[in-house]
Amino acid sequence: MLRLVNILLLSFSISVASTLVGAGGYDVTKKEDTYTFKDKESSLSNANITEVLQKKSKNTNSVTMWITRHWEEDWYSIETTQKEIIDKGFTPIYIFYWFADEISPKFVQENEEKYFKSLRKFTQYMKKLKGKKIVVLNPEYNMSETGMWDGMNDLFLESFKMLREDKEVLVGPCVGDFGNYTLINEVEEWKRFDKSLFRAAKEADFIAFQEMRALTRNSKDDILKTPQRALNLSRYLYKTYKKPTMLAYVAISSYGKNGEEIQENVYKNFVETFPKMKKDAKLMFFGIFHYFDYPGHVGYFNEAEEFFGIIRKDGTVKPSFIHFNNLNNINSL
């Protein structure tokens with residue numbers, strides 16, 4: 001479901017007591033002590049997202065950055081990442097999204113050499129950063145029959161080996177939660193990606209997954225079931241693969257009739273399920289897709305793509321914001 005278009009699309013996270021919790025963004029616009037979505041045309045000064053997190057969501061301590069097919073090192077300079085993220089006590093999380101929506105067994109086989117060339121370039125970049133790093137590999141790879149292709153195990157295993165040349169890296173794959181969202185438990189659907197994962201999972205540091213919903217594609221009732229479905233999927237992954245889990249990104253759009261109310265209810269319910277995910281599935285990361293709304297962002301959810309944030313583009317907070325911070329607060333208990 002993820003449709004990544006803008007090179008600055010990122011996520012950031014929060015961590016207390018071993019579990020990271022997070023949201024999306026990187027550069028923001030700053031005017032005095034007010035922060036808004038980074039508008040390319042703005043003449044105002046810029047700040048790193050960590051500056052906002054330290055003021056508005058004070059338990060945050062991780063920043064997630066997306067690495068797409070045409071990624072360049074200057075998107076996230078070594079100097080800025082080291083100084084503004086790692087040295088401030090934030091753990092960088094990188095989501096390596098090279099195959100994107102084109103993924104299929106055929107596409108992977110045809111582009112494997114290019115993929116590993118890009119991964120090698122990224123690994124060399126990682127080695128320049130001093131401190132712990134986490135890499136989430138190939139989010140939503142289980143599309144277009146790839147989830148039922150045994151060969152994906154070998155690609156993951158070779159990727160793990162390369163990335164672990166940096167001794168400070170944790171790495172694991174990321175499945176997409178696809179299926180019938182009227183259900184909160186769908187084991188038969190989740191079993192479909194086992195063939196592509198069962199060998200690689202033994203060598204992974206974690207197994208990640210995602211949850212994305214919007215009224216442009218989903219019903220209100222289905223969206224409201226997201227926290228319970230995520231809990232059940234995390235339990236399934238932990239029971240099946242015996243590895244800690246990561247909710248790499250939650251994207252709940254506030255677009256549409258009563259959209260902000262729906263989004264608020266989802267985050268409120270995640271506050272209830274979050275401790276269970278930690279306890280039952282050894283959850284080590286919980287990330288939300290965007291912190292600020294993202295004007296102009298396009299993708300699978302159409303116009304709803306611009307409203308995944310918990311803060312509006314002008315810097316005012318949505319009702320879901322307080323529940324996000326409550327999620328952080330209970331994380332420290």
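This tour goes through a predicted model, one selection at a time.

**Stop 1: helix α2**

Select residues 78-86, which form helix α2. Which of its residues are buried? They are T81, Q82, I85 and I86. Look down the axis of α2: the buried residues fall within an arc of 110°, so they line one face of the helix. Now turn to the other side of α2, where E79 and K83 are exposed.

Next, show what covers the buried residues of α2. The cover includes three strands, β5 (45-48), β6 (60-68) and β7 (91-97). It also includes the helices α1 (49-56) and α3 (105-127).

**Stop 2: α3 and α4**

The crossing of α3 past α4 is right-handed.

To see the contact, show these side chains:

- in α3: V108, E112, Y115, F116, L119, R120, F122 and T123
- in α4: M152, L155, E158, S159, M162 and L163

Coloured by type, the residues of this contact between α3 and α4 divide into 9 nonpolar, 2 polar and 3 charged.

**Stop 3: α8 and α9**

Select helix α8 (residues 226-241) together with helix α9 (residues 259-281). Their axes come within 8 Å, crossing at roughly 15°. That angle makes α8 roughly parallel to α9. Here too the handedness can be read off: α8 passes α9 in a right-handed crossing.

The residues that meet are these:

- from α8: T226, P227, Q228, A230, L231, S234, R235 and Y238
- from α9: V266, N269, F270, T273, K276, M277, D280 and A281

By type, the contact of α8 with α9 has 8 nonpolar, 5 polar and 3 charged residues.

**Stop 4: P227**

Stay in α8 and pick out P227. Is this residue buried or exposed? Its relative accessibility is 1%, and the cut-off for buried is under 20%, so P227 counts as buried. Leaving aside neighbours within four places in sequence, which residues does P227 contact? They are V266, N269, F270 and T273, each of them among the α9 residues listed at the previous stop.

Finish with a distance. Select the C-alpha atoms of P227 and M152: the two residues are 75 residues apart along the chain, and these atoms are separated by 28 Å. M152 is one of the α4 residues that α3 meets, which leads back to the second stop.

How values were computed
Residues are numbered from 1 along each chain as its sequence is written. This is a predicted model: local features need pLDDT of at least 70, side-chain atom pairs count only at pLDDT 80 or more; totals for chains, interfaces and linings use all residues. Side-chain values use heavy atoms; hydrogens and water are left out. Axes are lines fitted to C-alpha atoms, for helices over the stretch in contact, and angles run from 0 to 180 degrees between N-to-C directions. Helices (H or I, at least four residues) and strands (E, at least two) are DSSP runs, numbered from the N terminus. Angles under 35 degrees count as roughly parallel, over 145 as roughly antiparallel, 65 to 115 as roughly perpendicular and the rest as oblique. A crossing is left-handed if the near helix is turned anticlockwise from the far one by less than a right angle, and right-handed if clockwise. Contact means heavy atoms within 4.5 Å. Ala, Val, Leu, Ile, Met, Phe, Trp, Tyr, Cys and Pro count as nonpolar, Asp, Glu, Lys and Arg as charged, and the others, Gly among them, as polar. Buried means under 20% relative accessible area, exposed over 50%, partly exposed in between (1.4 Å probe, protein chains only). The arc is that of the directions from the helix axis to the C-beta atoms.
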